[in-house]
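Please follow it with the model open alongside.

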Amino acid sequence: MADRPRAISPAGLPPSPPATSSIPAAGRRTGRSGPRRTNIQHYGRWLGYLAWIGALSADAAPADRVTKEAVRAYNQHLETLVAPRARLSMLVGLKAVMQAMAPEQNWRWLQDMCNRIQINARPLNDKRSRMRPTPEIVAAAAGLLQSLPCPVTTVRQTHDYRDALMLWLGATRPLRVKNFASLELGRLLTRTGRNWLIAIPAAETKTKQPIAFDLSADLLPWLERYGGPDAVSASG
């Protein structure tokens, strides 16, 4: 038996103007393209669902399509397809777009629906049970560094050394993934006398506030081997 159409697939959307065409500029939250793009995608999935059930009328205003009965049925449909938190995200995205497209209407009922789902939404994967305490992570990183020869002789050992440093640094000086991945020796990670400093300018942080802190003393000897005059290297 063929699978039933998955209404949340963007490929199932009927030809139509871009979903942003009716969203006022003030509602697009300029400067936050990530959340805006996600909300638009969720709105597109809502339109795809309406098209799938034959309820997408070109003559209806966007707000007229978003009724309590229709959204309740959409929520029940999503329950059969996605995890609770994904379902919550889709409905929150729909609410955000409708608040921008029809701000004169009262969308409190949709917010209440999202709140009820949030109360009962539980992650399908228990990530907390897999989290390890910081001392355990640091000990694992230090153990790997100590197990490597000095100097390292292979590219694999060089990568292992780098990964151990990243593990240690990430455990003791947490950063957002984007900032962590952008760390460069000599630019954002620099030597200051006997210490090493991470200094990220405001233009490169999510909060637009600069970040600056010294590295832990225990990490310094290992970082010196990686980025100092006798830096870790391997050929081949």
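The second largest pocket has a volume of about 270 Å³, where a volume is the space filled by probe spheres set on grid points that are joined across faces, edges and corners. A pocket, on a 1 Å grid over the protein atoms alone and with a 1.4 Å probe, is an open set of points with protein on both sides within 12 Å along at least five of seven lines, and its lining residues have an atom within 4 Å of a point. The model is predicted, so that local features need pLDDT of at least 70 and side-chain atom pairs count only at pLDDT 80 or more, whereas totals for chains, interfaces and linings use all residues. Residues are numbered from 1 along each chain as its sequence is written, and side-chain values use heavy atoms, with hydrogens and water left out.

The lining of the second largest pocket comprises 14 residues, and Met166, Leu169, Leu183, Leu189 and Tyr226 are those nearest its centre. At least two lining residues come from each of helix H7 (155-172), helix H8 (177-181) and helix H9 (220-227), and H7 gives the most, with four residues. Helices here are DSSP runs of H or I with at least four residues, strands are runs of E with at least two, and both are numbered from the N terminus. By class, the lining holds twelve nonpolar and two charged residues but no polar ones; Ala, Val, Leu, Ile, Met, Phe, Trp, Tyr, Cys and Pro count as nonpolar, Asp, Glu, Lys and Arg as charged, and the others, Gly among them, as polar.

| Helix pair | Axis distance | Crossing angle |
|---|---|---|
| H3 (residues 68-79) and H4 (residues 84-101) | within 10 Å | roughly 150° |
| H4 and H5 (residues 108-120) | 10 Å | about 165° |
| H6 and H7 | within 9 Å | roughly 160° |

H4 is therefore roughly antiparallel to H5, a term for angles over 145 degrees. H4 passes H5 in a left-handed crossing, meaning that the near helix is turned anticlockwise from the far one by less than a right angle, while clockwise counts as right-handed. From H4, Pro84, Arg87, Leu88, Leu91, Val92, Leu94 and Lys95 meet Leu110, Gln111, Met113, Cys114, Ile117 and Gln118 of H5, contact being heavy atoms within 4.5 Å. This contact of H4 with H5 divides into nine nonpolar, two polar and two charged residues.

H3 and H4 are likewise roughly antiparallel to each other, but the crossing of H3 past H4 is right-handed. In H3, Val71, Tyr74, Asn75, Leu78 and Glu79 meet Arg87, Met90, Leu91 and Leu94 in H4. The contact of H3 with H4 consists of six nonpolar, one polar and two charged residues.

H6 and H7 also lie roughly antiparallel to each other, and their crossing is left-handed. The contact of H6 with H7 has twelve nonpolar, two polar and one charged residue.

Two backbone features remain. The peptide bond from cysteine 150 to proline 151 is cis, with omega near 0°, and proline 151 sits in the loop between helix H6 (134-147) and H7. Lysine 208, a residue other than glycine, has a positive phi near 60° and belongs to the loop between strand S2 (195-200) and strand S3 (211-214).

Key
Axes fitted to C-alpha atoms, helices over the stretch in contact; angles between N-to-C directions. Parallel < 35°, antiparallel > 145°, perpendicular 65-115°, else oblique.
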